[in-house]
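Biologist: Before we discuss the labels, please show me the model. I would like each term set against its definition.

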Amino acid sequence: VKGPRSVPTHERALEAVRAPAADVDGFVREFLRELNFGQGVSLARATVNDQYLALARTVRHYLMARWLEAIAHQRREPVKAVGYLSAEYLLGRQLDNALLAADLEGVVTDGLAQCGLSLDTLREQEEEPGLGNGGLGRLAACFIDSLATLSVPCIGYGIRYEYGIFRQTFVDGRQVEQPDTWLALGSPWEFPHPESSQPVNFAGHTETFVDDDGSERTRWVPEWGVIGVPYNYMVPGYRNGRVNTLRLWSAQATKAFDLSIFNGGDYVDAVRAQTFAENISKVLYPEDSTPQGKELRLQQQYFFVACSLADFMFEVLDKDFDLTRLPERIVFQLNDTHPVIAVPEMMRLLVDVKKLPWDQAWEITRQCFNYTCHTLLPEALEVWPVDLLRRLLPRHYEIIDRINAEFLADVRARFPGDEMMVRRMSIISDYPERGVRMAHLATVASGRVNGVAELHSQLLRDKVLPDFSRIWPEKFTNVTNGVTPRRFLRHANPSLSGLITEAIGDGWVTDLDKLQELEPLAGDASFRARFREVKRANKSRLVNLLRERDGYELPVEPMLDVMVKRLHEYKRQSLKLLHIVTLYDRIASGRVAASQIQPRTFVFGAKAAPGYWMAKETIHLINAVASTVNSDPALEGVLHVAFPANYNVTLAETLIPAADLSEQISLAGKEASGTGNMKFALNGALTIGTDDGANVEIRRLVGEDNFFLFGLLEPEVADLSAQGYVPSSFYESDDELKRALDLIAAGAFSGGNPDTFAPVVSNLLHEDRFMALADYRAYLDAQARVDAAYADQDAWSRSAILNVARCGFFSSDRSMRDYIDRIWHTDPVS
Ligand code: Z57
């Protein structure tokens with residue numbers, strides 16, 4: 001596959017890739033050239049898709065010289081890079097991001113107008129790459145954006161899923177999943193590099209043999225293999241001339257595989273069998289925080305990690321690079337446990353392939369990895385059955401077994417006689433079945449282990465990995481998550497961005513702490529009025545989008561109360577529903593007059609994992625409540641519930657800037673961080689939230705007067721759990737709660753059918769793992785405080801402006817500086 005690489009002089013290389021002129025004429029010339037020569041159509045005959053593809057390729061040209069320079073620099077200079085290993089990147093649309101980074105929006109708008117085209121139409125043509133489920137994948141996308149903007153060399157490694165997160169539709173209020181065919185109309189942002197493919201093996205057995213030097217060694221005799229083809233994506237920094245790389249791997253059948261099956265004789269079966277290999281990168285698993293333990297998933301994990309390590313160690317670095325110096329050139333960040341199989345893979349490369357002594361290889365490996373944990377839910381911690389792992393990756397299992405044996409010997413030496421501790425800490429568990437605890441493996445192998453918000457890191461130390469934090473206290477650290485201000489403020493909220501820039505200049509885009517300079521303006525009545533105008537404009541932008549996208553007709557006036565995130569019991573969409581049902585009941589029963597209610601529009605956005613039954617029932621219930629509330633004439637202009645299907649990054653970009661109220665109502669101690677919470681606060685929504693995840697830090701920074709706190713604290717949750725939580729006791733003792741649940745149970749939202757939502761009601765009444773009923777009254781009280789506060793629009797705007805001014809900390813640029821200072825110790829390049 002690999003043709004020779006030409007090696008021109010450095011100057012010649014740059015000359016060859018000079019960018020087109022960044023003025024209107026230069027752009028139009030390049031755009032028409034792309035349309036004619038790239039797409040093969042004339043402007044007169046071009047479809048919108050032709051126009052979009054040509055535009056995307058034209059924009060790429062402006063970034064190309066910098067990208068090639070960054071790649072050359074990586075190979076040329078002995079700098080240390082970050083290798084971000086993540087099974088998910090929830091990127092969102094690329095065109096606007098690239099235009100923003102390259103400062104081309106003005107030129108492109110004018111140039112397209114000269115061609116009789118509009119940028120607004122073309123940007124709508126892009127299918128967002130949804131190669132992630134939710135927070136974890138979106139965080140990875142924010143981090144690589146920030147690293148590029150900080151000029152820190154980083155290669156993001158992941159999987160090029162042919163189908164990203166499913167497209168959600170509703171049929172009779174129930175979620176129905178459609179495949180996400182994001183590649184169907186062409187994908188102009190990717191660059192396939194088949195010449196840099198990597199072989200990846202699976203299964204088979206291991207053998208010991210005596211090497212030439214007389215030493216006993218092990219080799220892996222695999223049974224089958226695939227090829228990983230890399231697809232590169234540009235990751236442009238914000239107007240700094242830096243372009244990093246995101247390298248996503250796609251699985252292909254090998255030639256050898258083809259031959260062996262074709263020789264079997266049945267040509268048609270053989271061609272069909274090829275798709276077996278290609279299945280590995282076919283589809284993103286749609287479970288968020290609940291791993292499925294499927295063999296194909298483990299294949300995906302090993303597939304991308306094996307490709308990535310080999311790529312960095314043998315392609316980016318020279319084949320003969322002195323690997324004892326590897327930690328000077330790379331630091332791999334393990335984004336949750338999904339890529340942790342990289343640890344035994346690196347040991348295999350160093351020991352079996354490069355023939356380093358085990359101890360030396362372990363020393364190198366330990367310096368190359370760090371691990372971020374993103375959860376507190378025990379069911380989210382991956383444990384691979386030993387039988388499965390050993391069958392699929394026999395050599396890796398042996399290596400894990402030896403790492404574990406040496407680790408446990410160490411534990412026994414430190415705590416003689418404490419076999420309970422040894423059992424608790426073992427990488428390999430015995431119960432309920434023999435399994436490899438990937439979080440333990442990651443912790444043993446990593447230099448640093450971090451949680452994603454202060455509270456989460458504390459609970460990680462105290463509750464998830466307490467034994468590990470006792471023996472290695474210095475290993476544990478916190479890095480609070482962040483979000484990129486480019487996409488989630490500058491791009492998503494141009495009106496607010498304009499207002500901010502007018503007030504304090506545009507330095508905030510790369511130095512978000514500058515937002516502090518807005519603080520005095522919170523006291524300025526005319527600024528507050530302009531801030532309200534911006535919010536209003538953003539609401540009408542949302543109303544227009546939902547009209548076009550979903551045929552919804554939303555009112556612009558009411559408070560906009562938004563809960564958007566994956567559907568999960570711990571996030572408690574059901575608590576939000578109990579609030580809405582109670583408001584509905586108060587009016588329907590005549591206890592409260594409609595005129596006494598602060599008008600509100602509730603917006604939900606949430607995908608449920610297709611196999612998560614309770615989550616899907618909850619979606620059905622949200623839609624049922626929405627249709628009842630929205631069709632009740634008594635509630636018109638008072639309460640409205642909207643649940644647009646298929647919440648994704650693109651919808652978030654219009655929804656978040658329009659919100660007045662941000663719902664962050666997980667049970668305390670369950671949401672590791674949250675990042676939606678940060679996006680809302682940064683865009684001037686006030687938060688109603690529990691003392692959970694990064695809410696704690698948001699509240700501390702924006703001030704308790706500008707945040708609606710409610711609910712049990714984490715230690716209270718632990719106490720209540722220990723006492724034995726009885727949800728029905730809350731039902732019995734709170735009349736409004738009882739009425740709300742009874743209404744649902746009686747079929748008030750299911751055409752009188754009591755069976756429809758019986759499981760949801762029964763789950764809340766008898767299980768309620770996440771204590772929605774315990775927090776119900778506190779939540780309703782907090783919502784009453786929200787109503788009262790919203791009635792004073794001037795005071796509300798003051799709080800909202802203070803939220804914006806005080807949220808600079810939540811820039812992912814700051815998160816990246818923290819990783820650099822506490823974990824990676826990498827330098828920016830000039
Ligand atoms: C995921 O999106 C998160 C954690 C996981 O273990 C998996 Br799997 C997927 C989320 C957390 O739930 C959020 O609280 C957090 O903000 C986000 O990861 C980024 O750290």
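Modeller: Start with the helix axes: they are lines fitted to C-alpha atoms over the stretch in contact, and angles run from 0 to 180 degrees between N-to-C directions. Helices are DSSP runs of H or I with at least four residues, strands are runs of E with at least two, and both are numbered from the N terminus. This is a predicted model, in which local features need pLDDT of at least 70, side-chain atom pairs count only at pLDDT 80 or more, and totals for chains, interfaces and linings use all residues. Residues are numbered from 1 along each chain as its sequence is written.

Biologist: Why are α11 and α14 called roughly perpendicular to each other?

Modeller: Helix α11 (residues 342–353) and helix α14 (residues 394–414) pack at about 95°, with their axes 9 Å apart. Angles of 65 to 115 degrees count as roughly perpendicular, those under 35 as roughly parallel, those over 145 as roughly antiparallel and the rest as oblique. The pair α11 and α14 is therefore roughly perpendicular.

Biologist: Which residues of α11 and α14 meet?

Modeller: P344, E345, M347 and R348 in α11 meet R395, H396, I399 and I400 in α14. Contact here requires C-beta atoms, placed from the backbone, within 7 Å. By class, this contact of α11 with α14 has four nonpolar, one polar and three charged residues. Nonpolar covers Ala, Val, Leu, Ile, Met, Phe, Trp, Tyr, Cys and Pro; charged covers Asp, Glu, Lys and Arg; the others, Gly among them, are polar.

Biologist: What makes α22 roughly parallel to α23?

Modeller: The axes of α22 (residues 573–588) and α23 (residues 613–630) come within 11 Å and cross at roughly 20°. That angle makes α22 roughly parallel to α23. By class, the contact of α22 with α23 has eight nonpolar, three polar and no charged residues.

Biologist: Which residues are closest to the ligand?

Modeller: The closest are G135, L136, H374, T375 and S673, out of 19 residues that surround the ligand. A residue counts as near a molecule if its C-beta atom, placed from the backbone, lies within 6 Å of it. The shell has five nonpolar, eleven polar and three charged residues. Domain 2 (78–93 + 128–480 + 818–824) and domain 3 (512–809) each supply at least three residues of the shell; the bounds come from an automatic or database domain assignment.

Biologist: What makes the peptide bond from Y431 to P432 cis?

Modeller: Its omega is near 0°. P432 lies in the loop between β16 (428–429) and β17 (435–437).

How values were computed
Contact = placed C-beta atoms within 7 Å.
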